[in-house]
Amino acid sequence: MQEFDPHHRWLGIPPHEQPATLYRLLGISDFESDQEVITEASYRQIGHIKQYSSGPHRDAANRILNELSQAQVTLLDLKKKTQYDISIQSVNDQVDESTVDLDEPVPVIVGGAGRVRSGSIKRGAAARRRRRSSVPTFLFLTGILAFVGGTFAYWWSQQDNGESVASATENTDVADQGDSTDAGTPKPVETPTLDVVSSPELPSTGNDGGLVNLLVPAVAAGVTPDEFAALNDVGQMAQSALYDRGVKTYQQLSEMTPGDLDKVLRRRRLPQKGEERWLKIIAEATSLADKSTVGDRSDSQSHTGPVAGVAFSPDGKRVASASDDMTLKLWDTNGQQTILRTFEGHKSNVKGVAFSPEGHRIVTASWDKTLVLWDAGSGEKLRTFTGHSAPVWSVGFSPTGQQIVSGGEDGVKLWDVASGQAVRSLTGHSDTVTSVAFSSSGREVVSGSNDGTVKIWNSASGSELKTLTGHNNKVTSVAFSPDGDQIISGSWDQTLILWSTDSGKQLRTFSGHVSAVLSVAFSSDGKRIASGGGDKSILVWDVASGKKIGAFDGHTDHLTSIAFSPDGQRMVSGSKDQSVRTWDIAGLARVDVAVAADENMPKFFEDEKATGKKNKKSTMRDSTSTVADSSVFTFEGHAGAIESVAVSANGRWFVGASSDGTLILWDARKRKQRRVYDDLAAQSRTVGFSPDGKCIINGTDDGDIELWAAPKGRKLQTLTGHDSAVCSVAFSPNGKQIASCDSGGAVKLWLVADLSGKEMVSSGYRRVAFSDDGKLIVVGGSRGKLSVWSARDGKKLQTYQGRSSEVLSVGFSKDGKKLVCGCGDNTVVVWDVVSGEELKAFSGHIGTVNAAAFSPDGDWVVSGSADGLIKVWDVDTGEDLHTFKGHEADVTGLAFTPDGKRVVSSSLDKTVKVWSLKDVN
């Protein structure tokens, strides 16, 4: 019977192509550069293999899942991907040099004293397969290996005044020779043959040239000067002159561009996969080079896969970390920051971890569909909970320790700890449950899901109490405040939302991350929130003010999990970079972002000469220092973040939509509030005016569109039909139609005459706008989707090949010939409507561009960003003409006044500001 080959059967990789490259594992071409393609491929392959994880070949499936996870981690990290691409390109170049088999000497280190001998390899297809198999695992090891062997060889040659040393007999027993060397007196070795790389920027002759050859793979693998020192100690080769020269050359190499480094790397022959003794030497070397406090890998026993979950013990003296390497590790956080114990028993990635309230037990959740209860002291497995039919992602203890809650791809389950039985299943989410937690009373459970919702459940009955909608992407993490009155959630939409447990209302939105938020946590006093995610940073927020009060960087890959210590003085984080880090935050104090006030601020419609000249090139604001406000006027009154702003056609009225559940109508002429609309059915996400200014249109979180009389405040009508939060609405210029988008991606076109609506497109879009003549509608959404439709019959006319990032704002120029969109990749893009050609791309923001609009004359584009800034761009030249600063948080909306002399903006800082364009050149 033919042996079962899972790579061939499931992934279509025949034996002669195995071991495959990471790209081949994901089913994409080598060196693919589009991260969206890589992301989708990894999800596709992982989802495909998961179906076999419960069958007769589940062990093989789990092994491949780990390989796919490693491929995902490597190829979605720019540094790791670059190193990996260099390695496989180097191998390909060597193989392609000749189509015939050639023998060539390869340096092989045997023994701790640095003995070297020559070996041979065969080139061709077989060699290519062997080399590829060693690349992902041994690239870093190879760099260290080359340095150890070459450094010793060079040192020995110096001791012998540069003369050739006698060769050791090639047939000498390796083990005997390696162990017979006296300490500090290495026996003669055979000098390895190395290619000297010539480069105008680096030494090209003599021993320094050989040193370049030794250091190139080490630099490519990320070896640091400190690691050089540790390796010298291990090899008993501490020669200061050589070390100094090595560090100098290392610095020269590290300053080279990836392309130049690639050229150098291609010209040397990388050592091949070696013997067990190589691994022993390298393990000793890396254990010295890697020793540090918790914050990095603590020793050679640290995790070998992404860290998926972390938790402090109730006494704060220990940290538990769960990893995709299928293990749980327990760390001592006092003293030497060492690993106390490794728990093994799961058969797949361990994704969740929690301590019991008394700290004597630990529970873990795994993709093997089980939970395991461990004795924290002895490491004994106390109980295995079986009942999930799909991978489990999250787990938590009740306050009494008598129950456990778990969430996974098949929903939420409550377990009795004593019996190990599932006592209740909580159903209602339509996608994977990524995070679960008990309230401090134990009466409620909260869950977050990939379906974009947060749900609150009654733990006793299992009934659903509330569904919280507000995120426009997957919810990745949820947590109760210590008193149970509030819930914090994080999402792929790059925001955190604070909710009231009792009312379910959205209290505050925190924006500052530039990538998905993957983990959130409350401090023990409930005054601070920590968040981390795809941008590799930890942000700390003040709950009362909503302001960022701290930021921590250090991880080199996605931050997957975060937790506060019980005393609130430290945090612990886990990352895809395989490290667990602790952070001292004892001295972290609240830093207010103050807005400079000017009692003599001129009236809105008066000449602004009294304000003096505006800075023509403002610098980026510092979020932890005072921000000078260059706006003309600020409208305040909302208690929550303002999501959208609109200006009436006559310029008299401004309206803002806020997360506080109200609309506020401001009288721009009198510079005061005219009316507060607080009888909304749900929180408002987006607003607009009818062309005559007599009607306000409002899109709500519950999927309704409300029409209000302005300024009287009477509700005129409610349009129902959207299944999720309405995130964009617009009146046609003639007032006869309304276009709307919801967070689920559906676009609808409504006739005002009979209030009937029809669906234009079913998925993928979240922003909508009419052309000035009312004939066209543009819609934009996820993954760069951008299309133009006929307003008359709702037919698609043109599709543009947008960028891979989400379109966050769309608009036409007044003449209808150009489009502008704000993008999730921090750019502003201008398109030609007829040809679909990208005309300009403006770069300068360091946050997502949430709003962008043409000036009435079409000469300028104004953009607002998550970096808190508003920029003015010249459409023809692409020049950054001016930067306005003053908002303390993300800019969410922009609108021109009818005369084109001013811009009105809304922000998460709860204000609407007016800016004069008078001094923009």
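In the predicted model, strand 32 and strand 33 run antiparallel and are joined by five bridges. Within this pairing, valine 655 has leucine 665 of strand 33 as its bridge partner. The two strands form a hairpin in which four residues separate strand 32 from strand 33, and glycine 661, located in the turn, adopts a positive phi of about 85 degrees. Strand 32 is also paired with strand 31 (residues 642-647), again in the antiparallel sense and over five bridges. In that pairing, valine 645 is placed opposite glycine 656 of strand 32. Strand 31 and strand 32 likewise make up a hairpin, here with five residues between them, and the turn contains glycine 651, whose phi is positive at about 75 degrees.

Arg669 is one of the residues that form a positive surface patch, together with Lys670, Lys672, Arg674 and Arg675.

Oppositely charged side chains can pair when their charged atoms come close. The count of salt bridges in the model comes to 13. One of these joins the side chains of aspartate 324 and lysine 351, with an N to O distance of 3.0 Å. Aspartate 324 lies in the loop between strand 4 (318-323) and strand 5 (327-332), while lysine 351 belongs to strand 7 (residues 350-355), so that the pair ties together parts that are 27 residues apart in sequence. Aspartate 324 counts as buried because its relative accessibility is 8%, which falls under the limit of 20%. Lysine 351 is likewise buried, with a relative accessible area of 14%.

A further salt bridge is formed by arginine 766 and glutamate 806, whose closest N and O atoms are 3.1 Å apart. This pair links distant parts of the chain, as arginine 766 is in strand 43 (residues 765-770) and glutamate 806 in the loop between strand 46 (796-801) and strand 47 (807-812), 40 residues apart. Arginine 766 is buried, with a relative accessible area of 14%, whereas glutamate 806 is partly exposed, with a relative accessible area of 21%. The side chains of glutamate 358 and arginine 361 also meet in a salt bridge, at 3.1 Å from N to O, and glutamate 358 is partly exposed, with a relative accessible area of 35%.

The C-alpha atoms of alanine 851 and valine 810 are separated by 7.8 Å, although the two residues are 41 residues apart along the chain. Alanine 851 counts as buried, its relative accessibility being 5%.

Several backbone features occur in loops. The peptide bond leading from glutamine 18 to proline 19 is cis, with omega near -5 degrees, and proline 19 is placed in the loop between helix 1 (6-11) and helix 2 (22-26). Asparagine 826, a residue other than glycine, has a positive phi near 75 degrees. This asparagine 826 lies in the loop between strand 48 (818-823) and strand 49 (827-832) and is partly exposed, with a relative accessible area of 22%. Lysine 910 also has a positive phi, of about 80 degrees, although it is not a glycine. The location of lysine 910 is the loop between strand 56 (902-907) and strand 57 (912-916), and lysine 910 is partly exposed at a relative accessible area of 24%.

Technical notes:
Residues are numbered from 1 along each chain as its sequence is written. This is a predicted model: local features need pLDDT of at least 70, side-chain atom pairs count only at pLDDT 80 or more; totals for chains, interfaces and linings use all residues. Side-chain values use heavy atoms; hydrogens and water are left out. Patches are made of residues with over 30% relative accessible area and no salt bridge: like charges are joined within 9 Å, nonpolar side chains (Val, Leu, Ile, Met, Phe, Trp, Tyr) within 5 Å. Accessible areas come from the Shrake-Rupley method with a 1.4 Å probe; for residues, only the protein chains shown count as cover. A salt bridge is a side-chain nitrogen of Lys or Arg within 4 Å of a carboxyl oxygen of Asp or Glu. Lys and Arg count as positive and Asp and Glu as negative; His and the chain ends are not counted. The place of a charge is taken as NZ of Lys, CZ of Arg, CG of Asp or CD of Glu. Two strands pair if DSSP finds at least two bridges between them. Buried means under 20% relative accessible area, exposed over 50%, partly exposed in between (1.4 Å probe, protein chains only).
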